[in-house]
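The sequence and structure come first, and the notes follow.

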Amino acid sequence: MIKYYVNNTRQSNGNYEVHKHNCNLLAFILSKTDLGFHPTCQGAVMEAGKMYKKTGACIRCCKECHN
């Protein structure tokens, strides 16, 4: 299980990005919400979808879920 976070700042494409706990970009994100532990990034993106209509996964740390 991996811990995930969602960036609370919308990206230029309108998505709120999901990141793994060890993503290098996470250190630069000032406002993030803990999504808890999930076996896959798909579960974390679904959890973020409960808060934000448009969600996506970070291309650097969640390539398998990036859309």
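The count of disulfides in this predicted model comes to one. That disulfide joins C41 to C65, with an S to S distance of 1.8 Å. A search of the whole structure also finds three salt bridges, and the largest nonpolar core has 19 residues.

**Disulfide and other cysteines**

- The link of C41 and C65 is right-handed, with 85 degrees about the S-S bond.
- C58 is in no disulfide, since the nearest cysteine sulfur, that of C61, is 3.8 Å away, whereas a disulfide needs sulfur atoms within 2.5 Å.
- C58 counts as buried at 1% relative accessibility.
- C61 is likewise in no disulfide; the cysteine sulfur nearest to C61 belongs to C23 and is 3.6 Å away.
- C61 is buried as well, with a relative accessible area of 13%.

**Nonpolar core**

- Within the largest nonpolar core, the residues that touch the most other members are Y4, V6, V18, L35 and C62.
- Strand 1, strand 2 and helix 1 (41-48) are the elements that each give two or more residues to this core.
- Helix 1 supplies the largest share of the core, four residues.
- Leaving aside residues up to four places away in sequence, V6 touches Y16, E17, V18, S31, K32, T33, L35, A48, M51 and Y52.

**Salt bridges**

- K3 and D34 meet through their side chains in a salt bridge, at 3.0 Å from N to O.
- K3 lies in strand 1 (residues 2-7) and D34 in strand 3 (residues 32-38), so this pair ties together parts that are 31 residues apart in sequence.
- K20 forms a salt bridge with E64, and their closest N and O atoms are 3.8 Å apart.
- This pair also links distant parts of the chain, 44 residues apart, with K20 in strand 2 (residues 16-20) and E64 in the segment after strand 4 (55-57).
- K20 is buried, with a relative accessible area of 17%.
- E47 forms a salt bridge with K50, where the closest N and O atoms are 3.2 Å apart.
- E47 counts as partly exposed at 28% relative accessibility, while K50 counts as exposed at 65%.

Technical notes:
Residues are numbered from 1 along each chain as its sequence is written. This is a predicted model: local features need pLDDT of at least 70, side-chain atom pairs count only at pLDDT 80 or more; totals for chains, interfaces and linings use all residues. Side-chain values use heavy atoms; hydrogens and water are left out. A salt bridge is a side-chain nitrogen of Lys or Arg within 4 Å of a carboxyl oxygen of Asp or Glu. Buried means under 20% relative accessible area, exposed over 50%, partly exposed in between (1.4 Å probe, protein chains only). A nonpolar core is a set of buried Ala, Val, Leu, Ile, Met, Phe, Trp, Tyr and Cys residues joined through side-chain atoms within 4.5 Å. Contact means heavy atoms within 4.5 Å.
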